[in-house]
Amino acid sequence: MDYQVSSNALEGRVILVTGAGAGIGRQAALSYAEKGATVILLGRTVKKLEAVYDEIDAMGAPQPAIIPLDMLGATRQHYLDMADTIEQQFGRLDGVLHNAGLLGVLSPFDQIDEKSHEDVMQVNVKATMLMTQALLPLLKKSDDARVVFTTSTVGHQGRAYWGSYAISKFATEGMMQVLADEMSDTKVRVNAINPGGTRTSMRASAFPGEDPETLKTPLDIMPLYLYLMAPEGIGEHGQCIDAQPKR
Ligand code: NDP
């Protein structure tokens, strides 16, 4: 499908992007800002977030905001405080892109390390759930809210040695489906994107021998990311959509 949105599709909307300092999240933040959104940049490395902030500023897009937060250590209270801050500062929230993710260690199943497993499940699943819970009251006030989760091909078909990461992405798809079902009668639309192999540092650490030039860039896969946040994508709900269906 050819996903198209208008040039000002996200004007007036406030969108939170997690893991906004690098890779796909960085590009999504830039692309949302380019279409008129006020973007809230959440991540753990302030320097990277500041660089994205400066890029958005230089584009002349609406002034973004930075929320420095390590989702590994954050508690429910951090997310509740964050929701309060967003409400006070912007008065609204129209979209969340749950993009931050941890690959963890790829290993045979019987060697999955307990601590590493907990970290991957914490960032990819539990923190994402707690953040969503805290933000839902604000999202429900929007006339047209969007929640977009990020899954992976190994989140719907298990693959040897992908261990905790695959388990966490199955959980992410489950979370998306449960929330979508509950939000059916509201104005909150809930979906998940599978980016497919994309040229980022996470992909390079999973496939160190691969030539990155053979991969799509984060910019290449943005049409779907924009569509699911824009008025054009309002009909999608409870779907897990591949950004690169032919891969
Ligand atoms: P990157 O590793 O390039 O970027 C991940 C982002 O998540 C970084 O900005 C990172 O912050 C942030 N992050 C990681 N841990 C935390 C944390 N504890 N708290 C806050 N932020 C954190 O990955 P990609 O851009 O490749 O991946 C983005 C999403 O897409 C992930 O969910 C990934 O699983 C998924 N995906 C990616 C694919 C690919 O081929 N690239 C394929 C399928 C799915 P920092 O920069 O500070 O480390």
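This is a predicted model: local features need pLDDT of at least 70, side-chain atom pairs count only at pLDDT 80 or more; totals for chains, interfaces and linings use all residues.
Residues are numbered from 1 along each chain as its sequence is written, and side-chain values use heavy atoms, without hydrogens and water.

**Ligand shell.** I found 29 residues around the ligand, a residue being near if one of its heavy atoms lies within 4 Å. The closest are Arg44, Thr45, Lys48, Tyr165 and Thr200. I saw that α6 (201–206) gives the most to this shell, with 3 residues. Helices here are DSSP runs (H or I) of at least four residues, and strands (E) of at least two.

**Polar contacts.** I looked for pairs of N or O atoms within 3.5 Å. A polar side-chain atom of Thr200 lies 2.5 Å from a ligand oxygen. The backbone takes part as well: a polar atom of Thr198 is 2.8 Å from an oxygen of the ligand, and one of Met71 is 2.9 Å from a ligand nitrogen. The protein buries 93% of the 890 Å² that the ligand exposes when taken alone (Shrake-Rupley method, 1.4 Å probe).

I then turned to cavities, sets of points on a 1 Å grid over the protein atoms alone where a 1.4 Å probe fits but cannot get out. The count is 1 cavity of 30 Å³ or more. The largest cavity holds about 60 Å³ of space, the volume being that filled by probe spheres set on the points. Its lining (residues with an atom within 4 Å of a point) includes His98, Asn124, Phe149 and Lys169.

Key
A polar contact is a pair of N or O atoms within 3.5 Å; within protein, one must be able to donate a hydrogen and the other to accept it, and residues adjacent in sequence count only if both atoms are side-chain atoms. On a 1 Å grid over the protein atoms alone, a cavity is a set of points where a 1.4 Å probe fits but cannot get out, and a pocket is an open set with protein on both sides within 12 Å along at least five of seven lines; lining residues have an atom within 4 Å of a point.
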